[in-house]
Amino acid sequence: MNPTVDIIFKYFPNLTATQKSQFEKLAEVYPFWNDQINVISRKDIESLYLKHVLHSLAIAKFVHDFAPGTRVLDVGTGGGFPGIPLAILFPEVKFHLVDSIGKKIKVVRGVADAIGLTNVEADHIRAEQLDYTYDFVVSRAVTRLADFTPWIRNKFEKKDKNGIPNGILYLKGGDLKEEIKEARLKAELHPISSYFEEDFFDTKYVVYIPM
């Protein structure tokens, strides 16, 4: 049995009625868009809430909360992960979702409109072409960290407004020691299995890199 939206409610019991409704609607909206533009594998769409939505929300378990007005950039967002689940959870935070593939951004906009998200902006652009600055950059394993960090190194606000310094929040799995060493970064590895009990998360981490 693939988990339903209840797995989100289990780990995030204090959602508003609006947030619950938005999370519930993802079960209709993603299959609709995925049939038109394939952004999630057919097999994975059945595990939407576990492998995509809950995985994205591991970032929320690490940060606990973002200050209102925080700006977050989601690089290589694909179908909107981790940006869309985080935008539902943090309605007072501004999320900018970007991808170099235009049809993926079409899906992101379609999903955001369908569930009534007003704090999401989505653009077909490469991260290195952006002229804006952000408090945090989030991403889900788009490439090796040594390749990723040059794209966004100069995209951070100088002033911190949250409980942790501005930086990268990266979702990645496996043995990351070599990758972190190669990137020459001071990174913290936070095992997602300390937040969620499902086996899927056993080798997955929130990688936090203060910038």
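Mentor: Let's start with a term: a pocket is an open set of grid points with protein on both sides within 12 Å along at least five of seven lines. Keep in mind that we are looking at a predicted model.

Trainee: Thanks! How much space lies in the largest pocket?

Mentor: Rolling a probe the size of a water molecule over the atoms shows where empty space is left. For the largest pocket here, that space comes to about 400 Å³.

Trainee: Let's move to helix α7. Where do its buried residues fall, seen down the axis?

Mentor: Helix α7 covers residues 145–152, and its buried residues are Leu145, Phe148, Thr149 and Ile152. An α-helix has 3.6 residues a turn, so residues three or four places apart point the same way. The buried residues of α7 line one face of the helix, because they fall within an arc of 95°.

Trainee: Which elements do those buried residues of α7 pack against?

Mentor: One partner is helix α8 (177–183), and the others are strands. Those strands are β1 (71–75), β4 (136–140), β5 and β7.

Trainee: Strand β7 comes up there. Why is it largely enclosed by the rest of the structure?

Mentor: Strand β7 spans residues 204–210, and a residue is buried when its relative accessible area is under 20%. The strand is largely enclosed because the number of its seven residues that are buried is five.

Trainee: Which strands pair with β7, and in what sense?

Mentor: Strand β5 (residues 167–173) pairs with β7 over seven bridges, and Lys172 has Tyr205 as its bridge partner. Strand β6 (residues 188–191) pairs with β7 over four bridges, with Leu189 opposite Val207.

Trainee: Is Glu198 buried or exposed?

Mentor: Glu198 sits in the loop between β6 and β7. Leaving aside neighbours within four places in sequence, Glu198 is in contact with Ile7, Lys10, Tyr11, Leu50 and Leu54. Its relative accessibility is 17%, and the cut-off is under 20%, so Glu198 counts as buried.

Trainee: And how far apart in space are Ser21 and Arg144?

Mentor: Ser21 belongs to helix α2 (residues 17–36) and is partly exposed, with a relative accessible area of 26%. In sequence, Ser21 and Arg144 are 123 residues apart. In space, C-alpha to C-alpha, the two are apart by 35 Å.

Key:
Residues numbered from 1 in each chain as written. Predicted model: local features only at pLDDT ≥ 70, side-chain atom pairs only at ≥ 80, totals over all residues. Heavy atoms only, no water. 1 Å grid on protein atoms, 1.4 Å probe; cavity = no way out; pocket = protein on both sides within 12 Å on 5 of 7 lines; lining within 4 Å. Points joined across faces, edges and corners; volume = space filled by probe spheres on them. Buried < 20%, exposed > 50% of the residue type's maximum accessible area, 1.4 Å probe, protein only. Helix = DSSP H or I, 4+ residues; strand = E, 2+ residues; numbered from the N terminus. Pairing = 2+ DSSP bridges. Arc of directions from axis to C-beta. Contact = heavy atoms within 4.5 Å.
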